[in-house]
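Subject: the model, and what turned up in it

Hi,

Here is the structure I promised to pass on.

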Amino acid sequence: MRSYSKVAGMTATAQPAAEELKDFYGLSVVAIPPNRPCIRVDQPDVVFTHKEAKTTALVAEIAAAHATGRPILVGTRSVEESEQLALCLQSSGVCCEVLNARTDELEAKIIAQAGAIGAVTISTNMAGRGTDIHLGGDEQEEYEKVRALGGLYVIGTNRHESLRIDHQLRGRAGRQGDPGTSRFFVSLEDDLMLRYGINDLIPAKLRPEKQDEPIDHPAIRSEIARAQRIVEGQQFEIRKTLRKYSMIIQEQRQIVQTRRQDLLWRRGSSSLLRTHSLDHYASLVSAVGEAALEQAETLITLFNIDQQWADHLAEIARIREGIHLVRLNGQDPLDQFHRLASAAFFEMLRKTEESVVETLLSAEISEHGIDLEKAGVKGPSSTWTYLINDDPFEETMKVLIRNIGFASVSASCLPCLLMLAGWAIYQRYFRKAQRRGHL
């Protein structure tokens with residue numbers, strides 16, 4: 001993002017992130033009034049002691065609203081949850097459409113009908129974000145009927161770590177002055193509640209026994225909202241820390257990008273071949289001409305820059321994966337990361353230069369240019385995207401080690417630390433070798 005001279009954006013949920021946008025990008029947030037007043041009704045959360053009671057109430061609420069013909073959009077946290085809820089609804093005789101990562105090619109079609117009379121759409125958080133769900137679907141004559149029913153009813157099955165995600169889900173209803181309603185169903189056994197110990201924040205005298213009825217107490221809803229703000233603050237601090245690690249990589253990225261642009265626009269770049277082997281350079285100029293040689297060297301250099309930069313990013317990821325272990329030796333992980341990242345970058349520049357010269361010395365270059373495929377420097381014909389699932393155990397190790405100071409470690413902690421160190425070594429070397437073997 002910092003490669004652009006000017007950056008701007010528009011979103012309905014920028015206000016909660018105003019401080020972060022200012023700190024990270026120097027951008028101020030300005031609220032623009034909507035062209036039509038929002039008349040959506042945001043109802044208070046319905047809180048339950050356990051998940052089963054919440055699911056039962058969800059199915060009953062959806063079935064009751066569906067019986068009136070009112071369109072319903074249900075937002076879930078995961079693909080698995082969306083499919084489980086769909087099964088529960090089907091068992092209750094409620095037909096629904098499921099929109100998640102497994103049906104992304106049908107997103108536009110499903111969203112177009114999500115506002116139709118009797119429509120029940122279950123989606124994950126990303127579905128339909130930034131999309132107007134038209135009341136009545138693609139049948140314009142049904143618009144007034146849906147409007148009279150109260151518009152789209154948005155139901156959230158969980159609170160999220162970020163209030164912005166909750167707002168984005170609510171924002172599917174009540175768009176462009178249309179009526180709408182939103183409500184969240186929450187249980188004290190939800191992932192967010194358990195992960196951050198929100199249940200422990202509720203005073204003991206207010207903490208109810210397991211029951212099927214909702215907990216109707218404003219103090220409990222207030223504690224859930226407070227915990228959400230605490231989680232957001234923690235996530236903000238984590239992003240600030242990660243930004244400190246990414247700043248040096250951003251500087252390196254700008255150096256590489258400048259070098260690439262200089263090559264493409266032929267601004268003040270000297271021939272590496274001429275610098276390292278003047279005789280070979282002179283013989284090639286005599287044989288194929290300076291223009292053909294310059295073009296061949298540009299293509300070879302661009303390929304090697306891209307290749308070495310990709311390898312460099314993989315190396316940086318490897319360094320960052322285990323950098324927290326230096327704290328056990330009383331060192332600052334950030335300082336060590338900067339030192340190692342800088343050394344890796346200079347090594348990348350050396351390898352790039354070395355590879356370019358080696359290719360130019362061995363490649364066959366004619367007055368028509370260079371055969372990139374034959375020279376082994378042709379880029380891929382397609383782009384592969386790899387999805388990597390977070391390993392919860394690995395993340396736990398990082399959290400446990402993050403704040404352990406070497407001086408404060410007691411003898412009773414040493415076996416655990418040895419186990420953690422062994423796990424880190426496995427993660428860092430064995431799995432890397434394993435991945436290379438598969439590649």
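Below is what I found, going from the whole chain down to single residues.

**The overall picture**

Please keep in mind that this is a predicted model. The protein contains 16 helices and 9 strands. Of its 439 residues, 36% are buried. If you take the contacts between residues at least 6 apart in sequence, 74% of them join residues at least 24 apart.

A pair of packed helices is described by the angle between the axes and the distance between them.

Take H12 (residues 290-322) and H13 (residues 333-362) to begin with. Their axes are 9 Å apart and the packing angle is about 155°. An angle over 145 degrees counts as roughly antiparallel, so that is the label for H12 and H13. The crossing of H12 and H13 is right-handed.

If you want to find this contact on screen, here are the residues on each side:

- From H12: Glu297, Ile300, Thr301, Asn304, Ile305, Gln308, Trp309, His312, Glu315, Ile316, Ile319 and Arg320.
- From H13: Phe337, Leu340, Ala341, Ala344, Phe345, Met348, Lys351, Thr352, Ser355, Val356, Thr359 and Leu360.

Sorted by class, the contact of H12 with H13 has 13 nonpolar, 7 polar and 4 charged residues.

H12 also packs with H9: the two axes cross at roughly 170° and come within 10 Å. H9 is therefore roughly antiparallel to H12. On the H9 side the contact uses Ile249, Gln252, Arg253, Val256, Arg259, Arg260, Leu263 and Leu264. On the H12 side you will find Thr298, Thr301, Leu302, Ile305, Asp306, Trp309, His312, Leu313 and Ile316. By class, the contact of H9 with H12 comes to 9 nonpolar, 4 polar and 4 charged residues.

Ile323 sits in the loop between H12 and H13. Its relative accessibility is 6%, so Ile323 counts as buried. Ile323 and Leu340 are 17 residues apart in sequence, with 9.6 Å from C-alpha to C-alpha.

**The nonpolar cores**

The largest nonpolar core has 24 residues. Inside this core, the residues with the most contacts are Val47, Ile133, Leu152, Val154, Ile198, Ile220 and Ile224. Two or more residues each come from helix H4 (107-112), strand S6 (152-156), strand S7 (180-187), helix H7 (191-195) and helix H9 (218-265). H9 gives the most, with 3 residues.

For a closer look at one member, go to Ile198. Leaving aside neighbours within four places in sequence, Ile198 is in contact with Leu192, Met193, Ile224 and Ala227.

**The H1 end of the chain**

Is Glu20 buried or exposed? At 16% relative accessibility, Glu20 counts as buried. Glu20 lies in helix H1, and beyond residues up to four places away in sequence, Glu20 touches Tyr25, Phe236 and Arg239.

Ser28 is placed in the loop between helix H1 (18-25) and strand S1 (41-42). With 56% relative accessibility, Ser28 counts as exposed. The C-alpha atoms of Ser28 and Ala18 are separated by 6.9 Å, and the two residues are 10 apart along the chain.

**Two backbone angles to look at**

Most residues other than glycine have a negative phi. Gln176 has a positive one, near 55°. Gln176 is in the loop between helix H6 (163-170) and S7, and is partly exposed, with a relative accessible area of 41%.

Arg266 also has a positive phi, near 55°. Arg266 lies in the loop between H9 and helix H10 (272-276), and counts as partly exposed at 45% relative accessibility.

Happy to go through any of this with you.

Cheers

Conventions: Residues numbered from 1 in each chain as written. Predicted model: local features only at pLDDT ≥ 70, side-chain atom pairs only at ≥ 80, totals over all residues. Heavy atoms only, no water. Axes fitted to C-alpha atoms, helices over the stretch in contact; angles between N-to-C directions. Helix = DSSP H or I, 4+ residues; strand = E, 2+ residues; numbered from the N terminus. Parallel < 35°, antiparallel > 145°, perpendicular 65-115°, else oblique. Left-handed = near helix turned anticlockwise from the far one by under 90°. Contact = heavy atoms within 4.5 Å. Nonpolar A, V, L, I, M, F, W, Y, C, P; charged D, E, K, R; others polar. Core = buried A, V, L, I, M, F, W, Y, C linked by side-chain atoms within 4.5 Å. Buried < 20%, exposed > 50% of the residue type's maximum accessible area, 1.4 Å probe, protein only.
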